[in-house]
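Thanks for coming, everyone. Please have a look at the sequence and the structure on the screen, and then I will take you through a few parts of the structure.

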Amino acid sequence: MQYNQLYRHIIDILTKAGIDSPAFDAMCLFENQFNMNRHSLIMQGDKEAPEKESEHLIQLANKRATGYPLQYLIGKWDFMDCEFFVGDGVLIPREDTSVVVQLCIDKIKAIYGEKPQLKILDLCAGSGAISIALAKEFSESDITALELSDKAMKYLAKNILHNKCDNVKAVYGDVFKSYTDFAEDFDVIISNPPYIISDEIKTLQTEVQHEPVMALDGGTDGYDFYRAIIKHWSKKLKENGLLVFELGEGQYDTVKELMQDCGFTNIQCAYDIQETKRGISGIKSIE
C-alpha cells in the first residue's frame, strides 16, 4: 500500500468511527509512525509503505476509533513549547491549563519582577506540565511538584528529566494529608486539581474516561480539593503569597468565595478561548 493510500485509509477508519478530527488525528499517527509530516507525505506519497509498520499504524487507528486518547497512542504531547510523555495513568496536558499557567506567570512578574528567586508549589502535579512550564519561565526559582499517583509520578520524573528542569523536585504526597510534612513556606501555590463532580464522570467524553479517575474526581460537588487546599495549604503561603487554581466551568464564584472567606484578596480570573473563567488567582492577606 502506498503512503497516500494508507493515509486515506486511516482517515476513513477514524471518520467512520465518528472521531471529531479524523484528518488531524491521522496525520499525528502518521508522523509518529513514519516521521513524515504533511509535506513529506505529498512528496513521497506514491512510494510503498513498509508492511509491518503499516499494519501497526492500522492497529493504532482502530484503537483510536474506540475513543482511546490520541495522546496516549502517540505517547507524548506538547504543552507551552515543551514536550511531555503521557500514557495510561496520567492526565493529558490541555490548552485550557496554559491559561492558568499564563495567569500565574503574569501575576508573578507583576509582584516579584522578571527573574525572581521563588519557592513555588504545584499541587496535583500529574505529568508536570505546570511545574515544568513555570520552571522554564523562572529558571532561578525552585518548584516542588506534589503528586499522589504512582503511575503519574513515573511520568512526572521522566518529564522533568526530559525537559532538563533541575529546578523542579517531584515529591510523593497527598493533598489531603501532606501539608503537615512541609516545614518551609512558599511564595506561590498553584494547582489544577480534580474538579469534576463524581456523578458526572460517567457522562464525560469517551477519551476523557480513559484518563485516571483520581485526576478528575472532585467529590460530590466538585470542590473537595479546593476546600482542602484553601483551608490547609494556604497556611504554607508566605504573607502576600500567590494562590492560583484551574477551574471547571461555572466554578469561579464558589472558589472565589472560599478564597475570600480564608482572607485572600485581589482575586482575579482568566478566561479560556471559550470565554469560560478557567483560572483564578488571589493574594494571601497579611494576618
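I will go through some strands, a helix, one threonine and a pocket.

First, how to read this: the model is predicted, so local features need pLDDT of at least 70 and side-chain atom pairs count only at pLDDT 80 or more, while totals for chains, interfaces and linings use all residues. Residues are numbered from 1 along each chain as its sequence is written, and side-chain values use heavy atoms, with hydrogens and water left out.

Let me begin with strand β6, residues 186-191, where helices (H or I, at least four residues) and strands (E, at least two) are DSSP runs numbered from the N terminus. All 6 of the 6 residues of β6 are buried, so the strand is largely enclosed by the rest of the structure; buried means under 20% relative accessible area, exposed over 50%, and partly exposed in between, using a 1.4 Å probe and protein chains only.

Which strands pair with β6? Strand β3, residues 119-123, pairs with β6 in the parallel sense over 4 bridges, and strand β7, residues 237-246, pairs with β6 in the parallel sense over 5 bridges, where two strands pair if DSSP finds at least two bridges between them. Within these pairings, leucine 121 stands opposite isoleucine 189 of β6, and valine 188 has leucine 242 in β7 as its bridge partner.

Helix α7, residues 129-137, is also mostly covered, with 7 of its 9 residues buried, among them Ile130, Ile132 and Leu134.

Now to threonine 97, which lies in helix α6, residues 95-112. Is threonine 97 buried or exposed? Because its relative accessibility is 7%, threonine 97 counts as buried. Leaving aside neighbours within four places in sequence, threonine 97 is in contact (heavy atoms within 4.5 Å) with Phe79, Ile130, Asn192 and Glu246. With glutamate 246, the side chain of threonine 97 also makes a polar contact of 2.7 Å, meaning a pair of N or O atoms within 3.5 Å, where, within protein, one must be able to donate a hydrogen and the other to accept it, and residues adjacent in sequence count only if both atoms are side-chain atoms.

Finally, the lining of the second largest pocket includes Phe24, Trp77 and Glu83; a pocket is an open set of points on a 1 Å grid over the protein atoms alone, where a 1.4 Å probe fits, with protein on both sides within 12 Å along at least five of seven lines, and lining residues have an atom within 4 Å of a point. The largest share of this lining, 4 residues, comes from α2.
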